Amino acid sequence: YNLIDLIEGSFKKNKTLGKSSDRILAPMPGKVTKLFVSENQIVNKGDALLVMEAMKMEYTLKADISAKVEKIFYKISDQVSLGYLLIQLKEHKSE
């Protein structure tokens, strides 16, 4: 956990580096290769949001909650580091 503690220290008031349902964080350093959503789009739990490539493997990041895409912080081909905030969601209550 030493590495996580070091990385966590670089985030403002971020208590956990793990999953947060309204924030999609980079699970590893890599490159954003596909984006399936746009800002203000409504997504459902389990929807694919983006694909990252790291060490020649692709990782699809999905929504943990039904939400509205509030902000996308990176675009296709951007390099990101572990723990970087990729997409901010705002919980959306479906009927």
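In which sense do S1 and S8 pair, and over how many bridges? Select the two strands and you'll see: S1 and S8 run antiparallel to each other, joined over 3 bridges. Two strands count as paired if DSSP finds at least two bridges between them.

Before going further, know that this is a predicted model, where local features need pLDDT of at least 70, side-chain atom pairs count only at pLDDT 80 or more, and totals for chains, interfaces and linings use all residues. Residues are numbered from 1 along each chain as its sequence is written, and side-chain values use heavy atoms, with hydrogens and water left out.

**The whole chain**

Zoom out and colour by secondary structure. You'll find 1 helix and 8 strands, in the order α-β-β-β-β-β-β-β-β from the N terminus. Helices (H or I, at least four residues) and strands (E, at least two) are DSSP runs, numbered from the N terminus.

Of the 95 residues, 33% are buried. Here buried means under 20% relative accessible area, exposed over 50%, and partly exposed in between (1.4 Å probe, protein chains only).

**The sheet**

Now select S1, S8, S6 and S3. In that order, these 4 strands form an open sheet with antiparallel pairing. S1 and S3 (42–43) are at the edges with a single partner strand each, so one side of each has no neighbour in the sheet.

**The core**

Next, show side chains for Val43, Leu49, Met52, Leu86, Ile87 and Leu89. These have the most contacts inside the largest nonpolar core, which has 20 residues. Such a core is a set of buried Ala, Val, Leu, Ile, Met, Phe, Trp, Tyr and Cys residues joined through side-chain atoms within 4.5 Å. The elements giving two or more residues to this core are S4 (48–54), S6 (67–72) and S8 (85–91); S4 gives the most, with 4 residues.

Stay on Leu89 and list its contacts (heavy atoms within 4.5 Å). Leaving out residues up to four places away in sequence, Leu89 touches a list that includes Ile24, Val43, Leu49, Ile65 and Val69.

**One step back along S8**

Is Gln88 buried or exposed? With 16% relative accessibility, Gln88 counts as buried. This residue is in S8, and among the residues it touches, beyond those up to four places away in sequence, are Asp22, Arg23, Lys71 and Phe73.

Click on Lys71 and Phe73 next. The charged end of Lys71 sits over the Phe73 ring, 5.7 Å from its centre. The test is NZ of Lys or CZ of Arg within 6 Å of the ring centre and within 35 degrees of the ring normal.

**A loop stop**

Jump to Pro29, in the loop between S1 (23–25) and S2 (30–35). Pro29 is exposed, at 53% relative accessible area. Its contacts, again leaving out residues up to four places away in sequence, are Met52, Ala54, Val80, Ser81 and Leu82.

**Last stop: two rings**

Finish with Tyr74 and Tyr84. Their ring centres are 6.3 Å apart and their planes at 35 degrees, so the pair is tilted. Rings of Phe, Tyr and Trp (its six-membered ring) pair if their centres lie within 6.5 Å; planes under 30 degrees apart are stacked, over 60 edge-to-face, and the rest tilted. Tyr74 is partly exposed at 23%, and Tyr84 is partly exposed at 36%.
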